[in-house]
Amino acid sequence: MDHCPSCSNQDSISIVSIESIPVFCNVLWPTAQQARASASGDMELVMCRSCGLLYNTRFDPGLVAYSPNYENSLHFSPAFNQFAEGVARRLVERYDIHNTEVVEVGSGSGDFLSMVCEFGDNTGVGFDPSHDPDRKPADDRITVHAKPYPTEHPVDAGLVCSRHVLEHLTSPLELLRGIRSSFPAGARTASYHEVPDATYMLEELAIWDLIYEHPLYYSEPTLNWLMTTAGFEVTDSGRSFGDQYLWVEAIPGETGRTCEPPDIGGLTRAASEFGDGLRRVVSHWNAKLEHMLDTGPVVIWGSGSKGVQFLNLVPAGSGISAAVDVNPRKHGQFVPKTSQPVISPEALVDLAPAHVLVMNPIYTPEIAASIVELGLGAEVHDITFQP
Ligand SMILES: [Zn+2]
């Protein structure tokens, strides 16, 4: 990518470059050998000086081909389910989404779609090339098609939404314009889109959120600019899930507009300091982890993208015994490149770890409770601490 995938501007600020990271953080492998041999790619992260989008100039879409073994469902965690339910209820109430059709782009197994349909008595249609029919919730109100959103078909729905889709694309404007053009004239369809928040990543040095699968990182002004440019009228936007997520809500607006670039002044400084911050965080955790490993087995809790990226970026991470996950579909598989096994919380009893590293502090209360319940004396550490 030699120009901004959002606004096509070629002027950018260099942020950080990282060689050889796993292409897929959300694909685990059946054997340790396959995990070690799995594909890697490079990251050269820059920020567009015009619209503020962060993007990986070395992203190769050819390396990323989604398939049903792409496992990123977070719906096994009560904290995550509670959050998703809150979003679904708010959308149903705020936009009066009752007895209508709801469309979700990149719906995964369909868990969120199912919630919106339940709360508003709606029917749902999901589109997701990586959908595995065996994982669809038992809900007759929803249908999920294993293909991309068909922008050529008119869609007369009460809500079109996507969650954690736009950051995977190389031409987000094309999808958003496609969605907009699929609305019939006079439609009042509400839109909701949710992505990881780039401002949070930059300001909190949440460096584990930097993954190859995400070639794009949006901040609020950038996402709002993109929506407006695609022909939507933004009704609200903000951050959620401990400020880690960014969301935008919109209704159909005027199409074919040329919008002034957004104000990204505040982002530029955080972006220019991020590379140094990343190196500091990695060396901090490397030193701390070496010390922990001297006192007994260390495990990481969370085999999602944050956990996989921690294991791959921190050199001493190779000494970590296992990655714990509450999602039973992940157990018995192996982490890309560094090849730790993914185990259930119950399997910790045999391992008796001295330290448990928690990748996402939002889950710490539920993890600390599990450790006590299992009768373990392990020390629990939050990883997002800033040195
Ligand atoms: Zn741009």
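**Notes on the sheet, a helix pair and a hairpin**

1. Let me start with the open sheet: five strands pair in parallel in the order 14-13-12-15-16. Strand 14 (342-343) and strand 16 (379-382) stand at the edges with a single partner strand each, so one side of each has no neighbour in the sheet. Here strands (E, at least two residues) and helices (H or I, at least four) are DSSP runs numbered from the N terminus, and two strands pair if DSSP finds at least two bridges between them.

2. Please keep in mind that this is a predicted model, where local features need pLDDT of at least 70 and side-chain atom pairs count only at pLDDT 80 or more, while totals for chains, interfaces and linings use all residues. Residues are numbered from 1 along each chain as its sequence is written.

3. Inside that sheet, four bridges link strand 12 (residues 298-301) with strand 15 (residues 355-358) in the parallel sense. Trp301 has Val358 of strand 15 as its bridge partner. Helix 10 (residues 364-373) packs on the sheet, touching strand 12, strand 15 and strand 16, and its direction makes about 170° with that of strand 16. Contact means C-beta atoms, placed from the backbone, within 7 Å; axes are lines fitted to C-alpha atoms, for helices over the stretch in contact, with angles from 0 to 180 degrees between N-to-C directions.

4. Helix 3 (residues 111-120) is worth a look: eight of its 10 residues are buried, among them Phe112, Met115 and Cys117. Buried means 20 or more other C-beta atoms within 10 Å of the residue's own, C-beta atoms being placed from the backbone. The buried residues pack against helix 2 (78-94), strand 4 (101-105), strand 5 (123-127), strand 6 (142-145) and strand 7 (159-163). Just after helix 3, Asp121 has a positive phi of about 55°.

5. Ser240 stands opposite Tyr245. Four residues lie between the strands, and Phe241 takes a positive phi near 55° in this hairpin.

Methods. Contact = placed C-beta atoms within 7 Å. Buried ≥ 20, exposed ≤ 12 C-beta atoms within 10 Å, placed from the backbone.
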